[in-house]
Amino acid sequence: MDLFDYMREAKKEKEAPLANRLRPRTLEEVVGQEHIIGKDKLLYRAIKADKISSIIFYGPPGTGKTTLARVIANTTSAAFLQLNATVSGKKDMEEVIAQAKDSMGMYGKRTILFIDEIHRFNKSQQDYLLPFVEDGTIILIGATTENPYFEVNGALISRSVIFELKSLEKKDIKELIVRAVYDKEKGMGNYNAEIEEDALDFLSDIAGGDARTALNAIELGILTTERLADGKIHITLEVAQDCVQKRAIRYDKTGDNHYDTISAFIKSMRGSDADAAVYYLARMLYAGESVAFIARRIVICAAEDVSNADPNALVVANAAAEAVERLGMPEARIVLAQAAAYVACAPKSNSAIVAIDAAMEAVRNEHTPSIPPYLMDAHYKGAGKLGHGLDYKYAHSYKNHYVKQQYLPDELKDRTFYELSDQGYEKNLKEYLERIKKESEI
């Protein structure tokens with residue numbers, strides 16, 4: 001590298017986006033991903049020992065895939081080369097393989113090849129790498145936002161260790177934002193800026209686990225906000241909102257707004273107001289509420305407030321809960337809206353919760369009576385001698401598959417726990433039971 005190249009690289013680094021300048025150089029500087037780079041974890045030990053094998057980093061944008069590759073580059077004794085699959089072709093691949101062969105042949109030095117967006121390479125491009133991974137010419141580090149089991153050559157997968165990176169937690173994003181605002185070496189500390197607590201909360205929340213989103217917003221905020229009389233740049237909630245073009249709404253996931261909004265959502269479904277239910281759903285989604293949490297509340301409401309007045313409500317709610325786990329946002333909003341609207345529009349009954357609560361109360365507070373002997377298990381050794389199972393009437397042997405028989409213990413034989421309502425499908429069930437009981441008396 002000559003003087004001009006050095007100056008060009010230095011200027012490029014100085015003028016790079018904040019997210020690039022703030023990239024950690026060592027493992028100790030990395031924030032989050034403790035499940036793979038905690039001090040007792042395989043990847044941490046491998047990096048520290050400089051014993052890296054081929055790796056695929058898989059995870060959402062802004063979670064640190066490229067960062068970890070750079071950390072490896074800074075700690076390894078091997079040569080480090082990088083390609084981006086979105087702009088690299090066969091010629092580029094041939095050149096880096098030639099360099100890797102030269103490094104090994106002339107200096108006995110291994111080469112780590114980092115390929116960003118590796119899923120963008122087609123099958124033949126990925127196949128080209130295979131023999132060089134296999135013979136040790138290169139140690140491959142691939143980064144992808146797509147499921148590698150679908151998008152990466154199976155042969156490469158079998159020769160690599162896959163590490164899945166998770167979306168960063170809110171506390172991790174907060175730490176990075178604070179570092180960005182006040183770090184004078186790599187951050188924007190020389191700008192004499194301050195970030196207010198509500199702005200910090202908002203940005204760390206709205207980033208959705210993507211560090212790059214938060215850092216880009218901070219950089220824009222500091223560069224475009226005028227200094228006040230005290231000579232400081234103040235990053236307020238209003239500035240933060242403007243930087244991400246999204247309005248903050250009052251919604252503390254651990255405070256009153258959280259509980260008030262979910263309460264209004266449930267009561268709207270219970271009250272058969274689909275419009276209100278969808279509105280409160282939108283408020284929660286906009287504020288970044290967990291889609292899994294919302295789905296669980298819909299499932300509970302389907303069982304508690306709809307019950308057997310429409311048994312399909314629980315089916316729809318449960319299917320929605322599974323679907324949102326697979327889809328995530330933004331598609332999950334459609335599934336949740338469908339389920340919430342269905343539960344709101346369904347006929348209502350609280351028969352099931354009234355029944356189980358009454359039964360639980362009886363079990364908790366009353367003497368526990370014996371089960372009628374004819375209902376006891378007759379299959380184990382000696383049961384017959386004890387009279388267990390004797391004189392039991394098998395329902396399927398009778399008309400309508402029903403026979404009058406006492407199932408509750410003697411002390412509770414006249415107790416009613418489950419009372420069917422006249423709502424929806426429960427009315428059908430009620431009429432059916434009344435009919436078969438009446439016919440059995442004829």
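These legends accompany several close-up views of one predicted model. Because the model is predicted, local features need pLDDT of at least 70 and side-chain atom pairs count only at pLDDT 80 or more, while totals for chains, interfaces and linings use all residues. Residues are numbered from 1 along each chain as its sequence is written, and side-chain values use heavy atoms, with hydrogens and water left out.

**View 1. Phe80 and Phe114 form a stacked aromatic pair.** Rings of Phe, Tyr and Trp (its six-membered ring) pair if their centres lie within 6.5 Å; planes under 30 degrees apart count as stacked, over 60 as edge-to-face and the rest as tilted. By this rule the count comes to four aromatic pairs. Helices (H or I, at least four residues) and strands (E, at least two) are DSSP runs, numbered from the N terminus.

**View 2. Tyr279 and Tyr280 form an edge-to-face pair.** Their ring centres lie 5.2 Å apart, with 65° between the planes. Tyr279 is partly exposed, with a relative accessible area of 45%. Tyr280 is partly exposed at 24%.

**View 3. Helices H10 and H12 pack against each other.** Two packed helices are described by the angle between their axes and the distance between the axes. The axes of H10 (residues 170–182) and H12 (residues 211–224) come within 10 Å and cross at roughly 30°. Axes are lines fitted to C-alpha atoms, for helices over the stretch in contact, and angles run from 0 to 180 degrees between N-to-C directions. H10 and H12 are therefore roughly parallel to each other (angles under 35 degrees count as roughly parallel, over 145 as roughly antiparallel, 65 to 115 as roughly perpendicular and the rest as oblique). On the H10 side, the contact (heavy atoms within 4.5 Å) is made by Ile173, Leu176, Ile177, Ala180 and Val181. H12 contributes Ala211, Ala214, Leu215, Ile218 and Ile222.

**View 4. A cis peptide bond joins Met329 and Pro330.** Its omega is about 10°. Pro330 is placed in the loop between helix H17 (312–327) and helix H18 (332–345).

**View 5. Gln33 and Glu117 have positive phi values.** Gln33 is not a glycine, yet its phi is about 60°. You will find Gln33 in the loop between helix H2 (18–21) and helix H3 (34–37), where the residue is buried, with a relative accessible area of 5%. Glu117, also not a glycine, has a phi of about 55°. Glu117 belongs to the loop between S3 and helix H7 (123–134) and is partly exposed at 22%.

**View 6. Glu441 follows helix H20 (424–440).** Glu441 is exposed, with a relative accessible area of 61%. From Glu441 to Val403 is 9.3 Å in space, C-alpha to C-alpha, although they are 38 residues apart in sequence.

Terms used: Buried < 20%, exposed > 50% of the residue type's maximum accessible area, 1.4 Å probe, protein only.
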